[in-house]
Amino acid sequence: MVRLLLLKLIILVFASCSNQEPESYIQQVDNKQNVIYSEPNFDTTIQNMTLSMYNEDYQLEIKMYSLNDSLVKNPIYINSEEYDTITKVTHNNVASIILNKGSQEIFQKTVYKETFEDSLDPEMMDNIHLYSVNYEAVRTNRLYFEANLGVPETEVTFEAQLAIFYQTDKLGRLDYWGVKPLE
């Protein structure tokens, strides 16, 4: 009996795996506006590297993943007889930055798009997407990173510099600066 239930569950899972966008992800709000919902994203990208600081090895890991929260909303304006606006709803991404020395965790810091909120236009925050966080360098007690943000389906992109203290009494503190549009 348990095997039969398990077999049915496996068949349902495989039947639901399709490259076509299910109708439930497209919702018509009114006769002139459509909302397209992105499918959940369960992919995680992981960058691992070994850093040598003060003649000791540290392991740095950056994990980028989706929150699958359907909170990034991007209106795409189209003038046609069928509809005026399509709103594409996607998910926020976050970056989890972890620094270890052997088996000891030095810090773990999560970077959200809201990390840069006070340097971005408040009216755009619902539309901004965190695309990536990449390691740049290590200098004087801090690890330096570059973050890339933008508005999906547009050419609006931003770059920000950030740093995280890995020692001293400021351990784990994140500072950022230089949020600027890319051209």
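Student: What makes Glu-153 and Lys-88 a salt bridge?

Tutor: Happy to go through it, keeping in mind that this is a predicted model. The closest N and O atoms of Glu-153 and Lys-88 are 3.6 Å apart. The cut-off is within 4 Å, so the pair counts as a salt bridge. Glu-153 sits in the loop between β10 and β11, while Lys-88 belongs to strand β6, so the contact ties together parts 65 residues apart in sequence.

Student: Why is Glu-153 called exposed?

Tutor: Its relative accessibility is 56%, and exposed means over 50%, so Glu-153 qualifies. Lys-88, at 25%, counts as partly exposed.

Student: How do you know that Lys-180 forms a salt bridge with Glu-159?

Tutor: Their closest N and O atoms are 3.9 Å apart. That is within 4 Å, so the pair passes. Here strand β12 holds Lys-180 and strand β11 holds Glu-159, so parts 21 residues apart in sequence are tied together.

Student: Is Glu-159 buried or exposed, and why?

Tutor: Glu-159 has a relative accessible area of 14%. Buried means under 20%, so Glu-159 is buried.

Student: What makes Glu-56 and Lys-101 a salt bridge?

Tutor: The closest N and O atoms of Glu-56 and Lys-101 are 2.6 Å apart, and the limit is 4 Å, so this pair counts too. Glu-56 in strand β4 and Lys-101 in strand β7 are 45 residues apart, and the pair links distant parts of the chain.

Student: How many salt bridges are there by this rule?

Tutor: The count comes to six. Arg-142, Arg-173 and Asp-175 are linked in a network of salt bridges.

How values were computed: Residues numbered from 1 in each chain as written. Predicted model: local features only at pLDDT ≥ 70, side-chain atom pairs only at ≥ 80, totals over all residues. Heavy atoms only, no water. Salt bridge = Lys/Arg side-chain N within 4 Å of Asp/Glu carboxyl O. Helix = DSSP H or I, 4+ residues; strand = E, 2+ residues; numbered from the N terminus. Buried < 20%, exposed > 50% of the residue type's maximum accessible area, 1.4 Å probe, protein only.
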